[in-house]
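Subject: Structure handover

Dear colleague,

My notes on it follow below.

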Amino acid sequence: MVVLPGLSSRLEKIRKSPVRRVAALLAEARGKKDIISFGGGAPSLPPPKEVIEFLVEKLREEPQFSASYGGTRGFLELRELISEDLKRYAGLEPDPAKEIIMTEGATEGIFLALMAVVDPGDEVILMDPTYLGFIEAVKLSGARPVGLPVYVEEGFQPDIERLKELIGPRTKALILLSPDNPTGRVVERERVKAIVDLAVDHGFWIISDETYKHIIYEGQHTYTASLPGAWENTITVCTFSKTASIPGFRLGYAYGPAEAIDAMEKIKQYVSLCPSTPAQLAMMAFLRDGVKERYLREVVIPTYRARRDVMGKHLAELLPEAKTVKPSGSFFYFVDVRHYLGELGMDDETLCNRLIKEVSVVAIPGGYFGEMGRGHIRLTFVSEPEERIIEGLSRMASYMTGEKA
C-alpha cells in the first residue's frame with residue numbers, strides 16, 4: 001500500500017465551506033422540479049450591456065493583449081478610474097500608483113490584507129454572526145478570531161461597550177462588513193466613528209469590507225477610511241461582483257496606506273500573479289461615461305428593493321413569530337426562527353436540509369455564520385423574481401407551521 005506524505009497541519013484549523021454542503025444537497029435534489037433558491041449570494045442580473053459590448057469589441061480588436069498578463073497591481077488606468085470614483089463617492093483620493101491594488105474579488109482582498117498585517121497568535125475581532133469566509137481566512141493567517149455578538153433585537157448593530165471588552169494586547173485587526181452579509185445591517189456612522197477611535201487608540205487595523213457599498217436601500221454607507229484619523233489604520237476591500245453583476249469575472253480592489261498595499265502586492269504576486277485582463281477591461285467601461293450610475297439607479301437598486309419589500313411583507317404575514325430586521329443594504333434577510341424550531345424540535349441546519357428535500361426551497365442555516373447565528377436562517381431576496389419569492393415563502397411557512405399557506 002502506498003503511504004502518502006503528511007498534509008499541512010493548517011488544514012486542521014479550517015473547515016470546508018458549509019455552503020458547499022447545501023450545494024451537494026441541491027445536486028441530490030436536481031431531479032426535482034421547481035427548486036426555489038433563497039440560498040445564493042450572487043447577483044441575478046446580467047452586467048450592463050455597455051460593459052459586454054466593450055469587452056467583446058476589445059477581444060476582437062486586440063485578442064492577444066486582451067488575454068495577456070498584466071502587472072500585479074493591475075492596470076494603472078483602471079486604478080486611476082477607481083481613485084476618481086472614490087473621490088466622487090467618499091471624498092477620498094488614494095494615489096492610484098501606490099495606494100490601490102486590484103484583487104480577485106473581495107475574497108482575495110481579505111486574504112491578502114490579513115496575511116499582510118497579522119502574525120500567528122494575533123487576534124482579529126469579527127462580528128458574530130458574520131460572513132463565513134472571514135472566520136476561516138483569519139484561521140489560515142494563523143490568527144485567532146474573536147467574536148463580537150450582535151443581536152436582532154439591537155438591529156444587529158455592534159455594541160461599542162462590548163467591543164471595548166474584547167480588545168486586548170493581541171488585538172491586531174477588526175473586520176468590519178457594512179452593508180452586511182448575512183444580516184443586511186448598515187452600521188450607523190457614529191458606531192463606525194467609535195470603532196475608528198478605538199483602532200487609533202489601541203493601534204489595531206480595521207479591514208473594512210465594502211462589498212455592498214452601493215447596494216443601499218435606505219440610509220447611507222459610511223466609508224470607513226474617509227473618517228478623521230482612519231486612513232493610517234484602515235485597509236478597505238471592495239469588489240465589482242455585486243455592483244456590476246460580474247461575480248464570475250473575479251475582480252475587486254483594495255486601497256489604503258502605501259505600506260499596506262506594498263505588503264499585499266508582495267503576497268499577491270505568489271498567490272495569483274496578476275488580476276484578470278478581460279475583467280479589468282470590462283470594469284474600465286463600467287466606470288466610464290456614467291455607466292455605473294445608470295445601471296445602479298435604473299436596474300440594480302429598483303429591482304432588488306422591490307424583491308426585498310416583497311420578501312419582508314410576506315415573511316411578516318406567513319411567519320409572524322419570526323424576528324428579523326429589514327435590511328437597509330446588501331442581499332439578505334437574517335431571520336430568527338427559534339420559535340418555529342422549538343415547535344419542530346430541530347436546529348437550523350436540520351430545518352434547511354428538510355426545506356430542500358420536502359418543499360424544494362433553499363435557505364442557509366444561520367449557524368454557518370457563527371455561534372450567534374444559530375436558530376436563524378439566511379434568505380437572499382435577489383435570486384428570484386417576486387412571484388417566486390412569494391411561492392417559496394409560502395412553501396416554507398406551510399412546512400414550518402404545519403398549516404396550508
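F134 is buried, with a relative accessible area of 1% (buried means under 20%, exposed over 50%, partly exposed in between, with a 1.4 Å probe and protein chains only). Y131 is partly exposed at 30%. The model is predicted: local features need pLDDT of at least 70, side-chain atom pairs count only at pLDDT 80 or more, and totals for chains, interfaces and linings use all residues. Residues are numbered from 1 along each chain as its sequence is written, and side-chain values use heavy atoms, with hydrogens and water left out.

Aromatic pairs

The whole structure contains 14 aromatic pairs. Rings of Phe, Tyr and Trp (its six-membered ring) pair if their centres lie within 6.5 Å; planes under 30 degrees apart count as stacked, over 60 as edge-to-face and the rest as tilted. Y131 and F134 have ring centres 5.2 Å apart and planes at 80 degrees, so this pair is edge-to-face. Y304 and F331 also form an edge-to-face pair, at 5.2 Å centre to centre and 70 degrees between the planes. That pair links distant parts of the chain, 27 residues apart: Y304 is in helix 11 (residues 291-318) and F331 in the loop between helix 11 and strand 9 (332-336). Helices (H or I, at least four residues) and strands (E, at least two) are DSSP runs, numbered from the N terminus. Y304 is buried at 0% relative accessibility, and F331 is buried at 0% as well. Ring pairs join Y212, Y304, F331 and F332 in a cluster.

Seven strands form an open sheet in the order 2-8-7-6-5-3-4, with mixed pairing; two strands pair if DSSP finds at least two bridges between them. Strand 2 (100-103) and strand 4 (144-149) are at the edges with a single partner strand each, so one side of each has no neighbour in the sheet. Strand 7 (residues 234-239) and strand 8 (residues 252-255) pair in the antiparallel sense over four bridges, and T239 stands opposite G252 in strand 8.

Backbone

Most residues other than glycine have a negative phi, and most peptide bonds are trans. The bond from D128 to P129 is cis, with omega near 10 degrees, and the one from S178 to P179 is cis with omega near -10 degrees. S245, not a glycine, has a positive phi of about 55 degrees; S245 lies in the loop between strand 7 and strand 8 and is buried at 6%. R250 lies in the loop between strand 7 and strand 8, has a positive phi near 55 degrees and is partly exposed at 32%.

Regards
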